[in-house]
Amino acid sequence: MYFNKKSSDTMDACRFCWMCRHICPIGNATGQERNTARARALTLSLVKRDAAKLDGDIVDNLYECALCGGCTNDCATGWDPVSLTKDARLAAAINGQLPSYVEKLLDNHDKTGNIYGRTCKDSILSDIIKTLPGKADILLFLGADAVYHTPAKAIEAIDLLKKSGTVFTVFDDEPDSGYSYDFLIGSAEETRSMMAATADKLNGTGALKIICYDPADAKVFRHEYKEYGIRLNAEIITYPAFIKSLISDNILQIKKSETVFTFQDPALLARDLEDTESARYVLDACGNRREMLQCGKGTMLGGNLIMNEYLPNVMKLVADNRIANALHVSAENLVTASPAEYLLLRAAAGDKINVITLEEAVLSCL
Amino acid sequence: MTDFLQTMIASELEDAVGRENCSMHEIDKLTHSVDYFWLSRMWADRGRLMPLADFVVSPADAREVSKVLQIANYYKIPVTTWGGGGGTQGGAIPVAGGIVLDTKRMNKIYDINEQSMYIETGAGAIYKHLEWAANERGYSTMHFPSSLTCSTVGGFLAHRGIGVSSTKYGKIDDMALSLEVVLPNGQIINTSPAPKHAAGPDLNQIFIGSEGTLGVITKAQMRIYEQPECRRFRGFLFQNMTDAFNAGRELLQKFKPSVMRLYDPAETASLIKKIVGVERSGAFMNIAYEGVEELVNVEEKILLDTFAKYHAEDLGSEYGEKWWKEKITFFYPGHMMDLPQMFGTMDTIAPYDKIEKIYWEMKKAIETNFPMARFIAHFSHWYEWGCMIYDRFIVDDVPQDPAEALRLHNDIWSCGVRTALANGGVVNDHHGVGIKLGRLMKEQYGPAMQVFEGLKKELDPNGIMNPFKLGL
């Protein structure tokens, strides 16, 4: 089995090191030894040494990782288990060893253009998008999770921008950013082709700025596109960063309330995009803020909708743990900035705490 | 075991812990086959498989553990308890196959008792999570071993672990108030509700350090402490080890610092130079003292006066603070010794009248008998009566044949530990015994070993609990 040098070095470094165990949202949720960066590195190192095969439950274990980067962020030596896991997923794909549930998601995309296999969009969202200009300097990129799982939140995100007077457009038939393919099969040719096609479409709009509602899309636009040599002409900005700029430039007038918020940093926003302050700036304008355990760059994942397709029980446990953290700080509102975390945390919260989006917090203070 | 019987047992175990928490999958067997023991790592590095469990179960509580042990006793199959797998002595390796009982689902924090200052927790909780829970209320567990983030409460208790602030706050065995234990026959027991009493021998201390050979610890009440008002550091350089020992011993008669670590000249010139940046020859010693500021001011004066008597050069607070910040970094890949090197830490403990001699005798024994080995040491846990040696051997040129490497490894260990025993030391201070040092337990205890053997025979007549560990 061939692994590139970076992956090979990473597996040999991580295979006997447990230092990041405490930070893994999956391992903490399941209590299973296999859900550690060390376990994955150990088994892959045995594969490299022909003592095990990259198939069956060893491949399944690759897909029990959310690629949230908690382990990579925590490593004092700078090893990168996320990169190793993505490389191993690619190796499994190349060797025809993908699990059936991953094949199904990829098939869904072939058939419907999204891995969730949804064939139609929310009609209200579609109607609202049709009212927006067909062309503008600013493009709001909603992402598959928002379009197919939280359309009502996408509508609120649009509403807030409209209330600020921002002139922007949204794709009626938004292409996939490629995040889902990158998550499932890493840097495979299919991923790169999808990203290249999306880049063509984005560049074709002539937009100067792309606001990404979902940090997952911003992350691939900023990092993987560059890594794969795919050029985007527009500036990529996250939704929290854009809202922050609207407030700091006095375009949005906020009435500060006494509401208490705690913010769930999306892992990709905090770590890959290194933005932990925009949402906090916004929330500080809206009310009072309390920090829960493991916030900022050290955030714990609250959920991932791709994994929720094949490991819903695990995602529920992950969200339950994060809700428990939020309850410890006695905030009234747990504020999210990713559609996946909004949906899964809200389901886990029940009536214990209000789970809201960043735009909801702002809309309530206008 | 036939396929049929294995499937039958699996169905019973699934009934006990739930289907999703009983596995016969390769991934679970492989990941529970290698712990931090150098031999298991070397074996895997050479592409060989360590012994695999037949079943991996993850019970949620004592009741489920009880069911598992009853099944294991009926079928007479071994049970190896696995916490974090971060042990260095092979204690968690299922050398005889059978069941690996992973405790990490028993990770619930039940209570933070601020009146009596303890956390009641499942034994499978990662200790760092206890620390977070304590920190949220303004307290600390004060247990800061290098494996804080990877090891479980039960794992630390099982082998009598220790953290860097042990001199002031104690070892893990000083931090446990009460335990819930499942005996090998499945009975669930609790030790006494208070750790100090005159109601017979201390049940806590029978199970703490028993490494899963006498039962499974499922719940524990662990002490928490007020966060110190201030914590200060002071680094010193001694020109000889004798002065350093005497200075440390005298200091301990006056007050208890939290951290006391003395590095021999070899380790000062290697690890301390690399991580902390001390580029001087001599023996580096780091002292931390903490608590109420008023008292800390007094302690600081006593420290400086005492160490001045032994010609210690005061290096100020900078190196000590850097050491505190990097105290876990030492153990990350790239900073620690690693394969293909062979290495081991023969931590031993002895009273002050013996400790220096043990250090020199062990150094001589290793370097004379194994010229290919380097010997470095530090002294990291100090008491009023003695201290421990964290002495390491390192071999760069390791035999390629894994069986030959194993023999060399065990020969060096036997030589080092026997030298410690011959000069008044103990088999081990805080890493435990496992399969690595089991053979030396009888040499340590002589006829006293029958006490452990009697307990084992009575509590575990079928010998199912972690066989071949602890010399039992």
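This is a predicted model: local features need pLDDT of at least 70, side-chain atom pairs count only at pLDDT 80 or more; totals for chains, interfaces and linings use all residues.
**View 1. Overall build of chain A.** Chain A carries 20 helices and 8 strands. Along the principal axes, its C-alpha atoms fill a box of roughly 60 × 45 × 35 Å.

**View 2. The side of chain B that touches chain A.** Here 36 residues of chain B are in contact with 29 residues of chain A. Three elements of chain B give two or more residues to this side: helix 2 (26–31), helix 3 (38–45) and helix 5 (127–136). Helix 2 of chain B provides the largest share, 5 residues. By class, the side of chain B that touches chain A holds 15 polar, 12 nonpolar and 9 charged residues.

**View 3. Helix 10 against helix 12 in chain B.** Helix 10 (residues 241–252) and helix 12 (residues 293–309) of chain B pack at an angle of about 145°. Their axes lie 9 Å apart. The crossing of helix 10 of chain B past helix 12 of chain B is right-handed. From helix 10 of chain B come Ala247(B), Glu250(B) and Leu251(B). They meet Leu303(B), Thr306(B) and Phe307(B) in helix 12 of chain B. The residues of this contact comprise 4 nonpolar, 1 polar and 1 charged.

Definitions and conventions:
Residues are numbered from 1 along each chain as its sequence is written. Chains are lettered from A and ligands numbered from 1 in the order in which they are written. Helices (H or I, at least four residues) and strands (E, at least two) are DSSP runs, numbered from the N terminus. Two residues are in contact if their C-beta atoms, placed from the backbone, lie within 7 Å. Ala, Val, Leu, Ile, Met, Phe, Trp, Tyr, Cys and Pro count as nonpolar, Asp, Glu, Lys and Arg as charged, and the others, Gly among them, as polar. Axes are lines fitted to C-alpha atoms, for helices over the stretch in contact, and angles run from 0 to 180 degrees between N-to-C directions. A crossing is left-handed if the near helix is turned anticlockwise from the far one by less than a right angle, and right-handed if clockwise.
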